Amino acid sequence: MSRQHHQDPRPSIRTLLADPGVRGPLKAVLRAWTDRDPLDAAEDAGLLVLALERRVDEHLVCVAVFGANETQE
């Protein structure tokens with residue numbers, strides 16, 4: 001029975017840090033979180049995603065309603 005090797009489609013931290021297209025703020029977080037427990041960092045990153053998605057939604061509603069580029073916190 002042969003074992004097939006499937007490449008992981010998720011980027012590595014090393015790949016992201018080396019990519020010139022990745023923005024500086026993301027690289028700063030990756031560097032700052034390098035020594036953290038990977039599970040804790042992944043859970044915190046998930047919470048960050050949810051908060052940022054909410055911020056985008058609030059911004060889009062504000063733009064649709066008020067036609068402005070301001071959001072209410």
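1. Arg54 and Glu58 are both placed in helix 3, four residues apart, or about one turn of the helix; helices here are DSSP runs of H or I with at least four residues, strands are runs of E with at least two, and both are numbered from the N terminus. The two side chains form a salt bridge whose closest N and O atoms are 2.7 Å apart, the term being used for a side-chain nitrogen of Lys or Arg within 4 Å of a carboxyl oxygen of Asp or Glu. Arg54 is exposed at 57% relative accessibility, whereas Glu58 is partly exposed at 28%; buried means under 20% relative accessible area, exposed over 50%, and partly exposed in between, with a 1.4 Å probe and protein chains only.

2. A word on the basis of these values: this is a predicted model, in which local features need pLDDT of at least 70 and side-chain atom pairs count only at pLDDT 80 or more, while totals for chains, interfaces and linings use all residues. Residues are numbered from 1 along each chain as its sequence is written, and side-chain values use heavy atoms, with hydrogens and water left out.

3. As for the overall fold, the chain contains three helices and zero strands, which gives the pattern α-α-α when read along the sequence. Of its 73 residues, 7% count as buried. The chain exposes about 6900 Å², and carbon and sulfur atoms supply 57% of that area; accessible areas come from the Shrake-Rupley method with a 1.4 Å probe, and for residues only the protein chains shown count as cover.

4. Asp8 meets Arg10 with the closest N and O atoms 2.6 Å apart; Asp8 is partly exposed, with a relative accessible area of 39%, and Arg10 is exposed, at 64%. Asp44 and Arg36 are linked at 2.5 Å, N to O, and here Asp44 is partly exposed at 31% relative accessibility, as is Arg36 at 29%.

5. The largest pocket has a volume of about 330 Å³. Of the 14 residues that line this pocket, Leu30, Trp33, Ala41, Ala42 and Ala45 are the closest to its centre. Helix 2 (24-32) and helix 3 are the elements that give two or more residues to the lining, and helix 3 gives the most, with seven. A pocket is an open set of points on a 1 Å grid over the protein atoms alone, with protein on both sides within 12 Å along at least five of seven lines, and lining residues have an atom within 4 Å of a point.

6. Val61 has its place in helix 3 (residues 38-66).

How values were computed
On a 1 Å grid over the protein atoms alone, a cavity is a set of points where a 1.4 Å probe fits but cannot get out, and a pocket is an open set with protein on both sides within 12 Å along at least five of seven lines; lining residues have an atom within 4 Å of a point. Grid points are joined across faces, edges and corners, and a volume is the space filled by probe spheres set on the points.
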